[in-house]
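Please look over the sequence and structure below.

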Protein chains: 2
Amino acid sequence: MKVKDIGEQGLLRRLQKFCPAEIVGDDCAVMATNPNQSLAITTDMLVDGVHFSDRTTGPYYAGWRAAAANLSDLAAMGATPLAVTAALAVAADTAVEWVEEFYRGMTACLQEYHTPIVGGDVVRSPVVTVAITAFGQVECDRTISRSNARSGWAIVATGVHGASRAGLELLLNPEFGQNLTEVDRASLILAHQRPKPRLDVLAVVWEILDSAGEFSIAGMDSSDGLADAIIQICRASGVGAKVDRTQIPIPDIFSEIVSTEKALDWGLYGGEDFELVLFLPITSAQLLVEKIGNAAAIVGTATDSTDIWLTDSSGICPDAILKLDRGFQHF
Amino acid sequence: MKVKDIGEQGLLRRLQKFCPAEIVGDDCAVMATNPNQSLAITTDMLVDGVHFSDRTTGPYYAGWRAAAANLSDLAAMGATPLAVTAALAVAADTAVEWVEEFYRGMTACLQEYHTPIVGGDVVRSPVVTVAITAFGQVECDRTISRSNARSGWAIVATGVHGASRAGLELLLNPEFGQNLTEVDRASLILAHQRPKPRLDVLAVVWEILDSAGEFSIAGMDSSDGLADAIIQICRASGVGAKVDRTQIPIPDIFSEIVSTEKALDWGLYGGEDFELVLFLPITSAQLLVEKIGNAAAIVGTATDSTDIWLTDSSGICPDAILKLDRGFQHF
């Protein structure tokens with residue numbers, strides 16, 4: 001049996017047997033290191049030609065994105081970053097400049113969040129590969145898990161979805177978006193190349209939850225798309241959802257460059273926007289959206305069914321079941 | 001400029017500019033997480049055909065060795081393991097059984113030290129690649145660094161050196177060691193395939209240092225060879241050393257299978273024995289060797305010169321300067 005016969009999810013299921021069930025399955029592993037604080041840990045591996053490519057993203061932005069993806073996983077758990085390690089496999093004829101630019105990009109992103117690179121490894125390989133592990137600290141009673149959502153809670157997307165996917169399209173396809181202004185074009189490309197992990201959202205979340213007096217929240221990041229995040233949280237929490245397609249925060253400019261269906265597709269399945277998707281009681285959700293501002297939006301509600309419906313409050317489209325299978329599969 | 005033009009050390013030096021100078025450069029990064037305890041972090045990347053090969057070591061032992069190497073780095077800092085993460089890149093036609101055997105071997109080693117795999121990543125790549133990050137806890141006043149050695153201290157090797165290299169030779173070269181008994185052959189092969197990180201040594205070290213009343217110790221592990229460890233510690237501490245070639249603990253059986261020169265070469269430069277190399281005051285060193293037993297030995301003394309001499313207390317060989325350049329270079 002080959003890996004391709006069982007796919008990424010099949011392989012992950014088999015490998016999770018080797019891990020403690022209570023720890024794996026969220027954006028980060030969380031381990032209590034003392035009575036009040038836990039260590040949150042996340043790791044990502046990136047392979048040349050699979051996860052980055054000089055065709056769309058030079059080494060500086062490949063490094064930035066790698067750092068941002070890991071910090072986003074920490075944010076999704078409610079953790080403050082402590083440090084990262086970076087292990088790097090390069091070929092003998094890889095340009096030193098490429099490697100240094102990758103580190104420059106990674107460091108530029110990390111410095112915005114005061115996070116040092118504290119270690120690593122450098123080895124030889126025919127394929128340039130990077131593995132980043134990030135650790136953060138989270139107070140034990142402030143860990144944001146996927147499995148804590150309750151029926152009736154509102155679903156918040158902390159910002160625009162689909163912009164990273166549109167930026168990738170601009171990089172891949174010179175025919176696309178020729179009617180865009182330079183500013184709009186640059187902004188979509190930057191959404192792809194230089195995403196910002198939403199660690200800034202955490203302070204707002206704590207403030208709201210503290211004044212509500214209860215830790216009512218579940219969440220994850222939208223690295224694999226908004227639809228994926230909603231579905232994963234619903235499954236982990238044993239709830240369903242109604243998601244209103246008219247409320248999904250997509251870039252205004254989409255109406256000028258893609259069809260309504262494509263815009264929705266990118267907003268739900270585009271991925272790599274690195275926003276947070278948070279489920280919380282409606283009053284807290286409204287406060288959160290107001291305080292974050294920008295494109296943050298309540299996109300739906302958790303229900304006590306197990307189905308996840310895509311609805312349309314404008315009444316134009318019929319309801320549909322939201323599925324995972326537009327998501328990215330590694331094999 | 002290509003990576004091969006500056007080599008592994010050259011690339012590492014350039015990349016260390018991106019890391020805080022006070023943290024990098026030892027077996028692990030160590031970060032204080034509260035007033036008494038630090039987090040020790042180490043990461044290794046392993047590439048098919050470079051760091052493991054089905055020719056010498058099937059997936060089970062490749063997994064064991066990967067885990068052992070990381071736990072050995074924790075032991076070298078005085079840290080108790082907390083957890084590891086494992087990121088894995090596999091090809092679509094990699095056998096699922098290969099991947100599961102790798103995890104089985106990794107878990108078998110980790111379980112001996114009560115260490116769970118708490119997270120990971122699985123991605124696609126043309127070249128099977130594994131990145132492991134291990135975390136441990138160390139009391140702030142018990143961190144074993146490379147840079148604390150003092151002139152006059154004794155140099156302890158906690159066990160046999162060269163056995164792993166001999167085991168590799170047996171696996172690579174069917175002509176070699178044909179006069180060995182099955183038991184001796186198996187024991188050398190296991191030294192290569194199933195090395196044991198010396199976390200057991202730490203309890204003995206703490207007991208001795210506590211009764212001595214002072215934290216006088218420096219050290220690292222001998223993953224890159226005994227000579228490398230001695231030289232790295234001397235450089236980091238600004239001391240020299242005299243190493244007595246007759247005191248290096250090599251397997252007794254070497255006298256029957258290799259020349260005296262080859263035996264010394266493997267003992268000094270073989271690598272991957274994953275023992276600890278510890279510098280400490282002579283009284284503590286003698287106690288340590290006695291309590292650990294087996295092949296543990298005092299192999300030399302730190303001096304206030306900066307040269308590192310290989311001496312011969314039997315008077316047969318002339319003194320020579322101990323050099324790094326028999327060590328493994330990745331590029």
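**How the copies meet**

Of the interface residues of chain A, 98% are also interface residues in chain B, so the copies meet through the same surface. Two residues are in contact if their C-beta atoms, placed from the backbone, lie within 7 Å. This is a predicted model: local features need pLDDT of at least 70, side-chain atom pairs count only at pLDDT 80 or more, and totals for chains, interfaces and linings use all residues. Residues are numbered from 1 along each chain as its sequence is written, while chains are lettered from A and ligands numbered from 1 in the order in which they are written.

**Confidence**

- The model has an ipTM of 0.86 and a pTM of 0.90.
- Chain A has a mean pLDDT of 92, with 98% of its residues at 70 or more; pLDDT is the predictor's confidence in each residue, from 0 to 100.

**Interface and symmetry**

- Chain A gives 61 residues to the contact, and chain B gives 61 residues.
- Elements of chain A that give two or more residues to this side include helix 1 (3-16), strand 2 (37-47) and helix 3 (96-112); helices (H or I, at least four residues) and strands (E, at least two) are DSSP runs, numbered from the N terminus.
- Chain A superposes on chain B by a rotation of 180° with 0.0 Å of shift along its axis (RMSD 0.0 Å), by least squares on the C-alpha atoms of residues with pLDDT of at least 70 in both.
- The two copies are thus related as by a two-fold rotation axis.

**Fold of chain A**

- Chain A contains ten helices and twelve strands.
- Its C-alpha trace spans about 55 × 55 × 45 Å along the principal axes.
- Of the 331 residues in chain A, 56% are buried (20 or more other C-beta atoms within 10 Å of the residue's own; exposed means 12 or fewer, and partly exposed is in between; C-beta atoms are placed from the backbone).

**Core**

- Ile230(A) and Ile230(B) touch the most other members of the largest nonpolar core, which has 226 residues; such a core is a set of buried Ala, Val, Leu, Ile, Met, Phe, Trp, Tyr and Cys residues joined through C-beta atoms within 7 Å.
- Not counting residues up to four places away in sequence, Ile230(A) touches Ile155(A), Ala241(A), Val243(A), Val277(A), Ile308(A) and Leu322(A).

**An enclosed helix**

- Helix 4 (residues 163-172) of chain B has eight of its ten residues buried, so it is largely enclosed by the rest of the structure.
- Its buried residues include Arg165(B) and Glu169(B).
- Helix 5 (182-193) and helix 9 (260-269) of chain B are among the elements covering the buried residues of helix 4 of chain B.
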